Amino acid sequence: MPYQTVFIEFFEHVKESINQGTFAKLTLAKTIGNTDLKNIYVRLHILESGGYNFALTFRYNSHESEYFHSPDEAFDVLRTYIKNPFTSALLFTTEMDLTFKVNKKNAGSLVEQAPTFKHASPPMLEMIKRGIVQI
């Protein structure tokens, strides 16, 4: 299946994990070649208005930059980095770890594994506590 279609499905799992209160962490990793950009870390950021958005931390060889985006904007930003330079994205939840991969033939795949994290991220727990997410 084309990787673009699979990445849409992967990001639906990201949003679902937030709605279920199980989100722990999201990372884009495994670059193609030697690049200055090493990783993109995605974490939840609680808004004072009661909603949330994503904090995207771009980790380079020499520095880090952080940007804040709505869920839809974050999807648009992250998908531009698939195959440019990242070949995988890892979603960590309290229920499972989900890995999105792109192979050399531009086919995408999802691999589900046992969860690495036993607890949701602190912002996720705070969102549950405040009632931002109803589980």
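1. Start in the loop between helix 2 and strand 5, where Pro85 has its place. This is a predicted model. A cis peptide bond joins Asn84 to Pro85, with omega at about 10°. Lys83 sits in that loop between helix 2 and strand 5 as well. The phi of Lys83 is positive, near 65°, and Lys83 is not a glycine. Most residues other than glycine have a negative phi, and most peptide bonds are trans. These are places to look at first in the backbone. Lys83 is partly exposed, at 29% relative accessible area.

2. Another backbone point concerns Lys30. Its phi is near 55°, again a positive value in a residue other than glycine. Lys30 belongs to strand 1. Is Lys30 buried or exposed? With a relative accessibility of 58%, Lys30 counts as exposed.

3. Seven strands make an open sheet, in the order 4-3-2-1-5-6-7, with antiparallel pairing. Strand 4 and strand 7 (108-113) stand at the edges. Each has a single partner strand, so one side of each is left without a neighbour in the sheet. On average, neighbouring strands of the sheet are turned by 20° against each other, direction ignored. Strands of a sheet pair through backbone hydrogen bonds, either parallel or antiparallel.

4. Take the strand pairs one by one. Strand 2 and strand 3 are antiparallel and share nine bridges. Asn39 has Arg59 of strand 3 as its bridge partner. His45 is bridged to Asn53, also in strand 3. The hairpin of strand 2 and strand 3 has five residues between the strands, and Gly50 in this hairpin takes a positive phi near 105°.

5. Strand 3 also pairs with strand 4 (residues 64-69). Six bridges join them, and they run antiparallel. Ala55 has Phe68 of strand 4 as its bridge partner. The hairpin from strand 3 to strand 4 passes through three residues.

6. Helix 2 lies across strand 1, strand 2, strand 3 and strand 4. Helix 2 runs at about 25° to strand 3. Helix 3 packs on the sheet and touches strand 1, strand 2 and strand 3. The direction of helix 3 makes about 15° with that of strand 2.

7. What about the core? The largest nonpolar core holds 33 residues. Phe10, Val14, Ile18, Ile40, Phe54, Leu78 and Phe100 touch the most other members. In soluble globular proteins, nonpolar side chains tend to be buried together.

8. Leaving aside neighbours within four places in sequence, Leu78 is in contact with Phe7, Phe11, Leu26, Leu28, Ile40, Val42 and Leu56.

9. Phe7 and Phe10 are stacked, because their ring centres are 5.8 Å apart and their planes stand at 25°. Phe7 and Phe10 are three residues apart in helix 1, so about one helical turn separates them. Both are buried. Phe10 also pairs with Phe100: the centres are 5.9 Å apart and the planes at 40°, so this pair is tilted. The pair links distant parts of the chain, with Phe10 in helix 1 and Phe100 in strand 6, 90 residues apart. Phe10 counts as buried at 0% relative accessibility. Phe100 is buried too, with a relative accessible area of 0%. Ring pairs link Phe7, Phe10, Phe11, Tyr52, Phe54, Phe75 and Phe100 into a cluster.

10. Lys25 lies over the face of Phe92, at 5.3 Å from the ring centre.

11. Where is Thr22 found? Thr22 is in the loop between helix 1 and strand 1. Thr22 counts as buried, because its relative accessibility is 6% and the limit for buried is under 20%. Not counting residues up to four places away in sequence, Thr22 touches Ser17, Phe92, Thr93, Thr94, Glu95, Ala120 and Met124.

Terms used
Residues numbered from 1 in each chain as written. Predicted model: local features only at pLDDT ≥ 70, side-chain atom pairs only at ≥ 80, totals over all residues. Heavy atoms only, no water. Core = buried A, V, L, I, M, F, W, Y, C linked by side-chain atoms within 4.5 Å. Buried < 20%, exposed > 50% of the residue type's maximum accessible area, 1.4 Å probe, protein only. Contact = heavy atoms within 4.5 Å. Pairing = 2+ DSSP bridges. Helix = DSSP H or I, 4+ residues; strand = E, 2+ residues; numbered from the N terminus. Axes fitted to C-alpha atoms, helices over the stretch in contact; angles between N-to-C directions. Phe/Tyr/Trp six-rings, centres within 6.5 Å; stacked < 30°, edge-to-face > 60°. Lys NZ or Arg CZ within 6 Å of the ring centre and 35° of its normal.
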